[in-house]
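Hi,

Here is the structure I promised to pass on. Have a look first, and my notes on what turned up follow below.

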Amino acid sequence: LTPGAYNLVASKDGYLPDCAAVTLATNAKPTVDFSLAAIAEPLGSIAGTVNIAGAAADQHVTIDFRQASDCGSGATTITVKSVNVANGGPYTVDLPAGSYQVVASTYGKTSQEQTVSVTAGIVTSPVDITFP
């Protein structure tokens, strides 16, 4: 990475994500320790399908699930989870309860964004993503 300011994010299934603000100097190799807290309540899910009009079956959509967080340098948006889904395919993502910005992108199309609330123990569906 080039010198500058970064937000590092650590995540693992079954744990709440954690983040830290880091400033990299030239030739620096900082160490950042994370302490992930286990999720106490049941996870919720977001489910749906993706479709890309006129695209080959092997073209995929990358879906990021983003959430506001304070990484130590003020409020920022972090990616909690990211998945790749083939054109025409279904997806289901388990997440801690909360509000998420769902950002979908694919080659040659304008990215799409929507806000989705996840409730513990509930599947929020369909959250379908269609690229015209």
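Searching the whole structure for aromatic pairs gives one. Rings of Phe, Tyr and Trp (its six-membered ring) pair if their centres lie within 6.5 Å, and planes under 30 degrees apart count as stacked, over 60 as edge-to-face and the rest as tilted. Here Phe 65 and Tyr 91 make a tilted pair, 6.5 Å centre to centre with 50 degrees between the planes. Phe 65 sits in strand 4 and Tyr 91 in strand 6, so to speak distant parts of the chain, 26 residues apart. Both Phe 65 and Tyr 91 are buried, where buried means under 20% relative accessible area, exposed over 50% and partly exposed in between (1.4 Å probe, protein chains only).

Before you go further: this is a predicted model, where local features need pLDDT of at least 70, side-chain atom pairs count only at pLDDT 80 or more, and totals for chains, interfaces and linings use all residues. Residues are numbered from 1 along each chain as its sequence is written, and side-chain values use heavy atoms, with hydrogens and water left out.

Phe 65 and Tyr 91 also turn up in the largest nonpolar core, along with Ile 46, Ile 63 and Leu 95, as the residues with the most contacts inside it; the core has 22 residues. Strands 3 (44-52), 4 (60-70), 5 (75-86), 6 (90-95), 7 (98-105), 8 (112-118) and 10 (129-131) each give it two or more residues. By nonpolar core I mean a set of buried Ala, Val, Leu, Ile, Met, Phe, Trp, Tyr and Cys residues joined through side-chain atoms within 4.5 Å. Strands (E, at least two residues) are DSSP runs, numbered from the N terminus, and so are helices (H or I, at least four).

Leu 95 has contacts (heavy atoms within 4.5 Å) with residues including Phe 65, Val 80, Tyr 100 and Leu 43, leaving out those up to four places away in sequence. Leu 43 itself is in the loop between strand 2 (18-24) and strand 3. Is Leu 43 buried or partly exposed? Leu 43 is partly exposed, because its relative accessible area is 32%. Beyond four places in sequence, Leu 43 touches Asp 94, Leu 95, Pro 96, Ala 120, Gly 121 and Ile 122.

Another loop residue to check is Asn 87, between strand 5 and strand 6. Asn 87 counts as buried because its relative accessibility is 15%. A polar atom of the Asn 87 side chain lies 2.8 Å from the backbone nitrogen of Ile 52, and the side chain also reaches the backbone oxygen of Ala 55 at 3.3 Å.

There is one disulfide in the whole structure, a disulfide being a pair of cysteine sulfur atoms within 2.5 Å. Cys 19 and Cys 71 form it, with their sulfur atoms 2.1 Å apart. The torsion about the S-S bond is about -105 degrees, so the disulfide is left-handed. Cys 19 lies in strand 2 and Cys 71 in the loop between strand 4 and strand 5, 52 residues apart. Both cysteines, Cys 19 and Cys 71, are buried.

As for the whole chain, it has zero helices and ten strands. Buried residues make up 30% of its 132 residues, and its C-alpha atoms fill a box of roughly 45 × 35 × 20 Å along the principal axes.

Cheers

Key: Polar contact = N/O pair within 3.5 Å; in protein donor to acceptor, adjacent residues only side chain to side chain.
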